[in-house]
Amino acid sequence: MTPELVEAVFREAYGRAVAVLTRLLGDIGSAEEAVQDAFVVALQRWPADGVPPAPAGWIVTTARNRAIDLMRREATRDDRHRQAARLAEPDPPPEEGAVRDDRLRMLFTCCHPALALPARVALTLRLVGGLTTAEIAHAFGVPEATMAQRLVRAKGKIRDARIPYRVPTEADLPDRLPGVLAVVSLVFTEGHTASSGSGLVRPDLCAEAIRLGRQLVELMPDEPEALGLLALMLLTEARRPARVSATGDLVPLTEQDRSRWDAALIAEGQDLVRRCLRRNAPGAYQVQAAIQAVHDDAATAADTDWRQVVVLYDHLLTLAPSPVVALNRAVAVAEVDGPAAGLAALEGVELPRSHLLPAVRADLLRRLGRTGEALDAYAAALDLTGNASERAFLERRRDELSAAHRSAQA
Amino acid sequence: MPHYLLTVVQPGDGTPPPPEVLEPIMRDTDAVHRAMVDAGCWVFGGGLHPPAAATTLRPKDGEVLLVDGPFAEAKEHVGGFSVIDVPDLDAALDWGRRLVAATTLPIEVRPFHDGSGTP
């Protein structure tokens, strides 16, 4: 039994076991303690006895027994006795369907809108994803004590304010589901373009977001937007090997070595896009996934069906209008109708404090031969990016342009 | 069941808006309070006079010092409140939403400690 195996089993079992125990004990804190006790027992027994055939079920049963022991020992009040008696009643091992319901409850509790977004993200990674506090702290570049405090505070609010442990009703689901998807999407985006640090991507966070995305699809197989989000992440992740050069620089989509894309992820993502589009309930994640599917479908950059991309961005603008969507649409328009049309499509787009708008403007101006304006736009973009890889890319582009500009003037 | 305090967060010094603005707000707010009573979750509540009417008592060297005015000068103050008795936060937030719509003001929803407020 290798430590890696134990870690993988624990991570997989943690969310399931805490979800079941939270329903039985009525409190996340007690549930986590019971599950951690069960892990300690597992570490004592598994090396000698071997890993049980259903490790997660073993953890749940052991944690429940520990909780009963603990309650009996601490029982000073009748209700404790009653609670212990209720837990001790013969109960068949939890069925897969029941466990799934508990995991869904936990997911919606962690993503409750009364919790701040960073708290939702941390709780979801801890209680649904099974990451340790240290792993989450590392992934977001904050001290472990800070992350621990964030988790304690969030769990305290769930307990004190009585955030319910239940799946929203059918009527409330449309309001609540986007919040859950947003948490997973945020984890992926943070992994895909680390907002701080030297690396352009944090593959561990991307992998975790995809794992959560797979869980969402498993838990809510009938939600097309959950399928759409997973497809979007897979189709984006598929290009990661080609997105950063050997020297750590950002490689734009049009210049990527497409032979390095992950064909299996693309096939899976495209299959998911087809599956959710068949349901004919389009949403923002599905359309974004469809756009990535068009890109991933092209054998070379020149083969990209940009007209289809523009159509999809038009659709996305009606579903989820945002300056970033308008910006990406303008990039696609430039590919179909030329850089001047792309520049015209940027009119009225405002994206303060982001390097994206001046970076796109710089590229379009460069292609139009408006070198002076392009250099100004590169300077503006460089002022606004904190990511080292993106800075390096923009500096390279700017330096190439100004060198060409100088030699043309010489 | 747990109790929640729904606080009406009122901006300014508490000078009431003109009657043509205030009248529909009072009517809508009263309607929400009646709905709370009908639903059996209303415990207590009401609107408060402006902070200028407040007197604050402070402990000082074993004595009690009287101060004319609210406990803190702030841009916002408690304009009124409702205490409700509902099963969980979602239910409290639903009532809070209705009060936001009626008062057109922010509403803070805050849980009481278990068992407090019941003598």
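Tutor: What follows is a set of questions and answers about a predicted model.

Student: What is chain A built from?

Tutor: Chain A has 20 helices and zero strands. Its C-alpha trace spans about 90 × 40 × 40 Å along the principal axes. Of its 410 residues, 49% are buried. Among contacts in chain A with a separation of 6 or more, 62% join residues 24 or more positions apart.

Student: Which residues of α1(A) and α2(A) meet?

Tutor: From α1(A), the residues include V6(A), F10(A), Y14(A), V18(A) and L25(A), and from α2(A) they include I28(A), E32(A), F39(A) and W46(A). By class, this contact has 16 nonpolar, three polar and one charged.

Student: How do you know whether E32(A) is buried or exposed?

Tutor: E32(A) sits in helix α2 of chain A. Its relative accessible area is 6%, and buried means under 20%. E32(A) is therefore buried. Setting aside neighbours within four places in sequence, E32(A) is in contact with Y14(A), V18(A), R126(A), L127(A) and K155(A).

Student: R126(A) and L127(A) belong to α6(A). What makes α6(A) largely enclosed?

Tutor: The count of buried residues does: 10 of the 12 residues of α6(A) are buried, so the rest of the structure largely encloses this helix. Among the buried ones are A119(A), V121(A), L123(A), L125(A) and V128(A).

Student: How does the length of α6(A) compare with the expected value?

Tutor: Helix α6 covers residues 117-128 of chain A, and from first C-alpha to last it reaches 15 Å. That is close to the 16 Å expected at 1.5 Å a residue. After α6(A) comes G130(A), with a positive phi near 75°.

Student: Why is α18(A) called roughly antiparallel to α19(A)?

Tutor: Helix α18 (residues 356-367) and helix α19 (residues 371-384) of chain A pack at about 160°, with axes 8 Å apart. Angles over 145 degrees count as roughly antiparallel, so that name applies to α18(A) and α19(A). They cross in the left-handed sense. Their contact has 10 nonpolar, no polar and four charged residues.

Student: What makes α16(A) roughly parallel to α18(A)?

Tutor: The axes of helix α16 (residues 323-337) of chain A and α18(A) cross at roughly 15° and come within 10 Å. Under 35 degrees counts as roughly parallel, which is why α16(A) and α18(A) get that description. This crossing is left-handed. L327(A), V331(A), A334(A) and E335(A) of α16(A) make the contact with L356(A), L357(A), V360(A), L364(A) and R367(A) of α18(A). The contact residues divide into seven nonpolar, no polar and two charged.

Student: Where is D61(B), and what is its phi?

Tutor: D61(B) is in the loop between β3 and β4 (63-68) of chain B. It has a positive phi of about 50° although it is not a glycine. Its relative accessibility is 73%, so D61(B) counts as exposed.

Student: Why is R58(B) called partly exposed?

Tutor: R58(B) is in strand β3 (residues 55-60) of chain B. Its relative accessible area is 38%. Not counting residues up to four places away in sequence, R58(B) touches E63(B), V64(B), L65(B), V67(B) and F71(B). R58(B) and H113(B) are 55 residues apart in sequence, and their C-alpha atoms are 24 Å apart in space.

Notes
Residues are numbered from 1 along each chain as its sequence is written. Chains are lettered from A and ligands numbered from 1 in the order in which they are written. This is a predicted model: local features need pLDDT of at least 70, side-chain atom pairs count only at pLDDT 80 or more; totals for chains, interfaces and linings use all residues. Side-chain values use heavy atoms; hydrogens and water are left out. Helices (H or I, at least four residues) and strands (E, at least two) are DSSP runs, numbered from the N terminus. The expected span of a helix is 1.5 Å times one less than its number of residues. Buried means under 20% relative accessible area, exposed over 50%, partly exposed in between (1.4 Å probe, protein chains only). Contact means heavy atoms within 4.5 Å. Ala, Val, Leu, Ile, Met, Phe, Trp, Tyr, Cys and Pro count as nonpolar, Asp, Glu, Lys and Arg as charged, and the others, Gly among them, as polar. Axes are lines fitted to C-alpha atoms, for helices over the stretch in contact, and angles run from 0 to 180 degrees between N-to-C directions. Angles under 35 degrees count as roughly parallel, over 145 as roughly antiparallel, 65 to 115 as roughly perpendicular and the rest as oblique. A crossing is left-handed if the near helix is turned anticlockwise from the far one by less than a right angle, and right-handed if clockwise.
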